[in-house]
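Look over the sequence and the model, then read on.

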Amino acid sequence: MRFMMIMIPKGYEQAKPGTVPDAKAVEAMMKYNEALQKAGVLLALDGLHPPSMGARVSFAGGKPTVTDGPFAETKEVVGGYWMIQVKSKEEAVQWAMRCPGGDNEVIEVRQVQELADFPPDVQKAAGKFEEIKASTR
Amino acid sequence: MAPSDIHRSIEAVWRIESARLIAALARRVRDVGRAEELAQDALVAALEQWPQTGIPNNPGAWLMATAKHRAIDQLRHRSLTERKHQQIGYELERQQAAFDLESDLDDDIGDDLLRLMFTACHPVLAPETRVALTLRLLGGLSTEEIARAFLVPEPTMAQRIVRAKRTLSQAQVPFEIPQGEQLSGRLASVLQVIYLVFNEGYAATAGEDWARPALCEDALRLGRILAELAPNEPEVHGLVALMEIQASRLRARTDTAGNPVLLLDQNRARWDQLLVHRGLAALERAARLNGARPPAFARFAIAPGPYVLQAEIAACHARALTAAETDWQRIAALYAALAVLTPSPIIELNRAVAVGMATGPAAGLEIVDQLVAESSLRDYHLLPTVRANLLEKLGRYQEALTELERAAGLTTNVREQQLLRGRIDEIVGQLTSRGG
């Protein structure tokens with residue numbers, strides 16, 4: 001099964017545009033990434049620019065509204081993720097525990113949904129979703 | 001934490017740490033069987049203690065320290081009972097030194113893991129035994145899991161593993177990475193074992209499942225590990241590419257009722273694009289190592305090996321957005337190259353399919369008909385299956401039906417039988433509606 005380990009760095013919600021982690025933090029994280037790769041569990045990973053460089057689209061009243069970042073009311077934002085392939089949630093958690101996280105950092109471990117997890121009627125409706133996913137690559 | 005939860009967490013720790021633990025122990029005690037037993041002892045200790053104490057901060061180091069104490073205790077005990085003080089005393093000192101020199105698992109143990117892989121896949125063992133031992137020592141699978149995966153009773157599998165460890169010990173197989181001329185043959189054995197695991201998952205040879213994806217995942221994990229241990233071997237990346245691309249189709253290979261769907265009929269939108277992407281990247285890595293350069297420099301390139309060629313074939317399908325866009329000419333040429341490298345009637349059969357698509361069914365049938373006489377394919381269900389397909393395209397329906405009946409009688413996989421029966425009904429239906 002696939003899990004996404006989502007990194008949530010506290011304070012990142014207010015980080016200035018262009019903020020990047022320092023060399024020392026990157027070095028420690030690279031060692032961790034390497035360990036994931038050497039163990040054959042890492043499928044993909046990415047880091048995200050801070051919300052101050054992004055935007056939010058909300059749909060209140062059935063109408064899309066755009067708000068540019070940073071977002072004053074938001075307490076937790078995603079800083080990056082790892083996609084891993086493991087046998088159980090416990091294994092994903094054990095990998096998350098090995099991350100050289102800082103005092104301000106939290107990793108949320110979430111299982112990726114597979115089509116087989118849905119009942120047949122939802123599978124049928126979701127069939128299109130995979131086509132869209134494939135065509136966007 | 002509830003007892004079952006901590007149990008699952010310990011299993012997870014074992015899956016992450018066991019191969020490294022066994023590899024590090026094997027270098028110190030110079031016996032893979034003994035190393036595995038010491039690691040198992042450490043696991044038993046963890047299962048006893050961790051539910052009370054909680055999982056330690058560095059579980060790998062805890063397991064290593066426990067295994068080390070156990071190893072030294074055993075040697076002390078032997079020196080008392082066997083009265084060979086001097087010899088065992090020396091051995092004790094040597095091992096203690098070996099343990100003390102590098103007492104934790106943090107150092108780079110890549111070479112130990114590679115040694116462990118070569119040892120588990122040693123030619124002194126039968127191929128099926130290599131598979132079991134590799135899953136056990138490097139995949140972190142329990143004997144029960146391996147037995148279930150290969151539909152063998154657990155005691156049989158346990159015996160197979162015990163005998164394998166004894167064979168390695170008696171043959172005094174050194175814990176080393178083969179050098180020079182030996183290397184390519186031994187590496188081929190490792191690749192073969194990993195691909196055997198994958199194939200048993202991908203095309204279950206018996207039973208009711210069309211595939212057992214967990215085995216594919218185990219094989220992929222082993223392949224990805226090997227790719228980091230031996231990054232300069234193009235064939236390793238070729239195998240990984242082949243497995244990634246084939247695995248990308250796993251969920252498209254069955255419909256919602258669990259019936260098999262053949263490659264050309266699959267909904268390509270269901271192919272896992274992340275795995276396709278990884279597969280193509282691995283293939284590029286192999287190509288770079290093989291020295292693939294612009295055509296002007298082609299004479300410097302090393303000829304690709306069998307796994308790279310097979311991955312190239314898989315990539316031809318992966319790159320085609322629709323079945324109709326498949327580059328069958330290239331696939332036929334790749335099979336021809338593969339046939340030169342590893343001549344086999346099965347490759348020839350696949351070439352016949354590709355030629356049938358690229359040039360026409362008559363050209364394909366010509367190749368297949370030469371294979372009919374081949375005794376090694378007499379009981380191989382795909383020969384009559386392929387022949388039936390070509391005959392059908394040529395409008396020779398009665399002959400096609402005979403071949404499909406034969407194929408259905410030859411396969412032991414229930415799902416595959418259903419697929420063949422379905423095709424028979426289809427052709428019969430067409431013939432009836434046409435009034436002939």
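Predicted model: local features only at pLDDT ≥ 70, side-chain atom pairs only at ≥ 80, totals over all residues.

Residues are numbered from 1 along each chain as its sequence is written, while chains are lettered from A and ligands numbered from 1 in the order in which they are written.

**Chain B overall.** Chain B has 19 helices and 0 strands. Helices (H or I, at least four residues) and strands (E, at least two) are DSSP runs, numbered from the N terminus. Of the 436 residues in chain B, 40% are buried. Buried means 20 or more other C-beta atoms within 10 Å of the residue's own; exposed means 12 or fewer; partly exposed lies in between; C-beta atoms are placed from the backbone.

**Helix 8 of chain B.** Helix 8 of chain B covers residues 154-170, and its 17 residues should span 24 Å at 1.5 Å a residue; the end C-alpha atoms are 24 Å apart, which agrees. The expected span is 1.5 Å times one less than the number of residues.

| State | Residues of helix 8 of chain B |
|---|---|
| Buried | B:Met157, B:Arg160, B:Ile161, B:Ala164, B:Lys165, B:Leu168 |
| Exposed, on the other side | B:Pro155, B:Thr156, B:Val162, B:Arg166, B:Gln170 |

Seen down the axis of helix 8 of chain B, the buried residues fall within an arc of 130 degrees, so they line one face of the helix. The arc is that of the directions from the helix axis to the C-beta atoms. Their cover includes helix 2 (32-53), helix 5 (110-120), helix 6 (127-137) and helix 7 (143-149) of chain B. After helix 8 of chain B comes B:Gln172, with a positive phi near 50 degrees.

**Helices 6 and 9 of chain B.** The axes of helix 6 of chain B and helix 9 (residues 181-202) of chain B come within 9 Å and cross at roughly 80 degrees. That makes helix 6 of chain B roughly perpendicular to helix 9 of chain B (65 to 115 degrees). Axes are lines fitted to C-alpha atoms, for helices over the stretch in contact, and angles run from 0 to 180 degrees between N-to-C directions. Helix 6 of chain B contributes B:Pro127, B:Arg130, B:Val131, B:Thr134 and B:Leu135 to the contact, and helix 9 of chain B contributes B:Val193, B:Leu196 and B:Val197.

**Between chains.** In contact are 21 residues of chain A and 21 residues of chain B, with C-beta atoms, placed from the backbone, within 7 Å. Helix 3 of chain A gives the most to the side of chain A that touches chain B, with 6 residues.

Terms used
Contact = placed C-beta atoms within 7 Å. Parallel < 35°, antiparallel > 145°, perpendicular 65-115°, else oblique.
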